[in-house]
Amino acid sequence: MTTTVAAPITPLTRAQKRAAAHLVCGLTNPEIAGEEHLSGDTVSSHVRVMRESLHCPPRSSRAVLAHALLSHQQVPPPPSPLLRRAFEPDADDLLLIRAIAEHSRPDDIARAARIPVGELRTRTDGLVRRAGASNAAHLIGLAHTHGILGGEATTTAEQPPVQSAGAVR
């Protein structure tokens, strides 16, 4: 009988964790660079190292990376959007959320979500909007916040304070 053991993850540095916290809130590399007063190349390097540290494929989507960061508890989930009613995903939404968290290629996401690939963009955009997210990576962060993807829902008291105006959208 052969057993496989997952390679241990490499913990992120403090600077990488700061960039990762912005990533799970949906910020782009240029936005993270601005918030952290870093160069775009430095942020790109942090994101590359995050993927390597968490054993994500080099071309994995930011949503897949956000899921890995949160699943491995490298950063806390993002705060919920303020003044929004609770997001209650239906069964189809849950399939799509899980597919976005686990797959990077559109055809793989569509297959896993059991929707035609031609509907993927429209369905994803609608789901992002209804969840109050800024993009797919933020959607995955919020799914962790609400206990949809692993763990328990994070209450407001457990959420970290927002460090900058750019972190909440």
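Accessible areas come from the Shrake-Rupley method with a 1.4 Å probe, and for residues only the protein chains shown count as cover. By this method, the protein exposes about 9,700 Å², of which carbon and sulfur atoms supply 54%. This is a predicted model, in which local features need pLDDT of at least 70 and side-chain atom pairs count only at pLDDT 80 or more, whereas totals for chains, interfaces and linings use all residues. Residues are numbered from 1 along each chain as its sequence is written, and side-chain values use heavy atoms, with hydrogens and water left out.

The protein has eight helices and zero strands; helices (H or I, at least four residues) and strands (E, at least two) are DSSP runs, numbered from the N terminus. Along the sequence, the pattern reads α-α-α-α-α-α-α-α. Of the 169 residues in the protein, 42% are buried, where buried means under 20% relative accessible area, exposed over 50%, and partly exposed in between (1.4 Å probe, protein chains only). Among the contacts (heavy atoms within 4.5 Å) with a separation of 6 or more, 64% come from residues 24 or more positions apart.

Two residues illustrate these terms. Thr 124 lies in helix H7 (residues 120-131) and counts as buried because its relative accessibility is 12%. Leaving aside residues up to four places away in sequence, Thr 124 touches Leu 96 and Ile 100.

Gly 150 is placed in the segment after helix H8 (136-145). Because its relative accessibility is 48%, Gly 150 counts as partly exposed. Gly 150 and His 67 are separated by 83 residues in sequence, and their C-alpha atoms are 9.5 Å apart in space.
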